[in-house]
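Let's walk through this fold from its strand pairing to its core. Have the viewer open as you read.

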Amino acid sequence: MRTTVIGATAAVAVLAGLVTAAVPAASVEKKPAEAASVHGAARISYIESLDDDIRFTVHAEQKPFTRPVLPEVPEGLPTDARGTLKISHTAPGGATGWAEAAVDCLVTSGRTATLTAVVTKSNVEEIGARLGISVQQGRKGEPDRLGFSWGVVNVDPGHVDENGLHVSPRVGTCMAPAPFTTVITGGYKVVHAEIAKSPAQPEAAIRRG
């Protein structure tokens, strides 16, 4: 009796394998790839302002081909994104600078995300300015890290205004430095997804200056 049961079980297993193999590959339902995203809030330690309370809250998700740009790229780009970026910087004396911005671009690689957002409200930043942020999710006990496109980066030597003051170049979409600061409280979750292929080829349509 025991031999009969084992034989029946083996026959069912073999039959199941044959049925699975017979199903055309095209008919097997594939789970949609998860969209690239980064979410979280954290306070960072910045070498130029070690005593200051600097915080970044990021909620961004990639939404490919949802922001038409230029007549040559009416579909938008595979790195198009939606979401919000909030920043606050409080000095030891209590003065606080803050900004809220709308995310327009996001690209990921492993545990790292680079995004840009356009300022919508602020008491220190120009409305309409684009800010670049990079986030690296730590692993094996390492802290998360964050970088931003002002302070010690985005300098164009010799570029000054009519008063002789330095002028920072405009930040392009998804442009940000490496994550050069360390998160000391809070953290971020990065979900990586490969960039989708463009229906057109913007690299051939856009002239590079």
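Two strands count as paired when DSSP finds at least two bridges between them. Helices (H or I, at least four residues) and strands (E, at least two) are DSSP runs, numbered from the N terminus. Keep in mind that this is a predicted model, where local features need pLDDT of at least 70, side-chain atom pairs count only at pLDDT 80 or more, and totals for chains, interfaces and linings use all residues. Residues are numbered from 1 along each chain as its sequence is written, and side-chain values use heavy atoms, with hydrogens and water left out.

Start with β1 (residues 37–45). In β8 (residues 181–191), Gly187 is the bridge partner of Ala41, and 9 bridges hold these antiparallel strands together. β1 also runs antiparallel to β2 (residues 53–62), with 8 bridges between them; here Val38 sits opposite Ala60.

Zooming out, the protein has 2 helices and 8 strands, in the order α-β-β-β-β-β-β-β-β-α from the N terminus. Of its 209 residues, 30% are buried, meaning under 20% relative accessible area with a 1.4 Å probe, protein chains only.

Now for the inside. A nonpolar core is a set of buried Ala, Val, Leu, Ile, Met, Phe, Trp, Tyr and Cys residues joined through side-chain atoms within 4.5 Å. The largest one has 29 residues, and Val38, Phe56 and Tyr188 touch the most other members. At least two residues of this core come from each of β1, β2, β3 (81–90), β4 (96–109), β5 (112–122), β6 (130–136), β7 (145–148) and β8. Beyond its neighbours within four places in sequence, Phe56 has contacts (heavy atoms within 4.5 Å) that include Ala41, Leu85, Ile133, Phe148 and Tyr188.

Terms used:
Buried < 20%, exposed > 50% of the residue type's maximum accessible area, 1.4 Å probe, protein only.
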